[in-house]
Amino acid sequence: MWSLNDSVSCLCIAWPALFGLGIYFLRKYMQGGQFTKQTNETGKVVIVTGANTGIGKETVLELARRGATVYMACRDKTKTEKARLEIIEETKNENIFFRELDLASLQSVRRFAAEFKKEQDKLHILINNAGVMRCPYMVTRDGFEMQLGVNHLGHFLLTNLLLDLLKKSAPSRIINVSSLAHTRGFIDFNDLNSEKYYDPGAAYSQSKLANVLFTRELAKRLEGTGVTVNALHPGVVDTELGRHMKILNGTFGRIVLRTLLWPLLKTPKSGAQTTLYAALDPDLEKVSGVYFSDCKEKKVAPAAMDNQTAKQLWEESVRVTYTRKLD
């Protein structure tokens with residue numbers, strides 16, 4: 001005969017099981033689109049910035065599995081060497097290299113590009129992945145607000161310095177890792193460096209909007225060259241990018257908030273999928289000036305469609321980085 005105690009015991013077992021199952025499927029759903037096409041990238045030369053952790057490391061790992069020659073362009077030699085050796089051990093691909101790049105220094109960007117050109121005469125994929133988010137107010141070595149300087153201006157200069165190799169190696173691709181945060185962005189040409197007023201979130205959104213505007217303007221300038229450029233949102237990913245967010249790094253944040261957010265966050269591997277899709281999918285060989293999320297094309301914010309702002313941002317970026325103006 002079924003007793004009350006039996007019913008209670010059954011519920012005590014069933015509800016936690018159902019809850020756990022729900023969490024499992026929620027986390028699986030939140031991992032988003034996955035790039036599953038098989039491609040052979042042997043002979044392809046790739047640069048990935050910010051490649052020693054998170055999305056960047058996972059991107060290099062998958063590229064290495066597919067046979068690519070990959071240059072990990074990073075600032076921290078010790079950390080990158082550790083990641084590089086781990087990738088080589090896992091993939092047995094020896095063609096994975098570290099080259100120093102500090103995107104907060106235009107001198108470092110120029111040095112990296114010059115040395116890379118001495119070493120390689122081709123470049124098939126440039127993945128501008130590195131970034132900084134919501135940091136306290138600080139400036140780069142050249143005096144730019146850090147988020148604008150690293151996320152946009154450093155990559156802007158790097159890309160322009162490598163365009164000749166990309167054109168020579170066409171068909172080739174440029175991938176700019178932006179963010180959904182671009183939808184909250186505004187390009188303030190009267191205070192690009194946030195000297196009058198600084199809000200970490202607003203500065204981050206401005207830099208991510210700059211990524212999309214740069215992508216769209218560059219796509220126009222590269223028409224007919226065989227070089228494509230696209231931007232993407234990787235998703236909300238559990239990486240070190242949020243290291244400056246105090247709410248997540250205090251005791252309460254680490255124990256409570258991160259636990260609650262865990263089912264909603266992508267793993268770094270899942271976060272790299274849209275990058276891999278944009279960089280490798282054969283169907284995208286001639287697609288340019290587009291924004292992707294979860295391995296699909298997505299609409300950008302109205303501010304990112306402003307052609308005049310894109311042109312003005314390009315001209316200002318040329319001026320402050322001393323880049324030769326391109327035809």
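1. Pro171 sits in the loop between H5 and E5, where helices (H or I, at least four residues) and strands (E, at least two) are DSSP runs numbered from the N terminus. The peptide bond from Ala170 to Pro171 is cis, with omega near 5°. This is a predicted model, in which local features need pLDDT of at least 70 and side-chain atom pairs count only at pLDDT 80 or more, while totals for chains, interfaces and linings use all residues. Residues are numbered from 1 along each chain as its sequence is written, and side-chain values use heavy atoms, with hydrogens and water left out.

2. Arg134 lies in the loop between strand E4 (125-128) and H5.

3. The structure holds 1 cavity of 30 Å³ or more. A cavity here is a set of points, on a 1 Å grid over the protein atoms alone, where a 1.4 Å probe fits but cannot get out. The largest cavity has a volume of about 50 Å³, a volume being the space filled by probe spheres set on the points, with grid points joined across faces, edges and corners.

4. The lining of the largest cavity consists of Asn128, Ala130, Asn151, His152, His155, Phe156, Asn176, Val177, Lys208, Asn211 and Phe214; lining residues have an atom within 4 Å of a point. Helix H5 (146-168), strand E5 (172-177) and helix H6 (200-221) each contribute at least two lining residues, and H5 gives the most, with 4 residues. By class the lining has 4 nonpolar, 6 polar and 1 charged. Ala, Val, Leu, Ile, Met, Phe, Trp, Tyr, Cys and Pro count as nonpolar, Asp, Glu, Lys and Arg as charged, and the others, Gly among them, as polar.

5. H5 also packs against helix H4 (residues 106-119): the two axes come within 9 Å and cross at roughly 20°. Axes are lines fitted to C-alpha atoms, for helices over the stretch in contact, and angles run from 0 to 180 degrees between N-to-C directions. H4 and H5 are therefore roughly parallel to each other, the term for angles under 35 degrees. On the H4 side the contact is made by Leu106, Val109, Arg110, Phe112, Ala113, Phe116 and Lys117, and on the H5 side by Gly154, Leu157, Leu158, Leu161, Leu162, Asp164 and Leu165; contact means heavy atoms within 4.5 Å. This contact has 10 nonpolar, 1 polar and 3 charged residues.

6. The axes of helix H2 (residues 54-65) and helix H10 (residues 273-280) come within 9 Å and cross at roughly 45°. Ile55, Thr59, Glu62 and Leu63 of H2 make the contact with Thr275, Leu276 and Leu280 of H10. The contact residues divide into 4 nonpolar, 2 polar and 1 charged.

7. H2 packs with helix H3 (residues 77-91) as well, at an angle of about 35° and with the axes 10 Å apart. Here Lys57, Val60, Leu61, Ala64 and Arg65 in H2 meet Ala83, Glu86, Ile87, Glu90 and Thr91 in H3. The residues of the contact of H2 with H3 comprise 5 nonpolar, 1 polar and 4 charged.

Conventions:
On a 1 Å grid over the protein atoms alone, a cavity is a set of points where a 1.4 Å probe fits but cannot get out, and a pocket is an open set with protein on both sides within 12 Å along at least five of seven lines; lining residues have an atom within 4 Å of a point. Angles under 35 degrees count as roughly parallel, over 145 as roughly antiparallel, 65 to 115 as roughly perpendicular and the rest as oblique.
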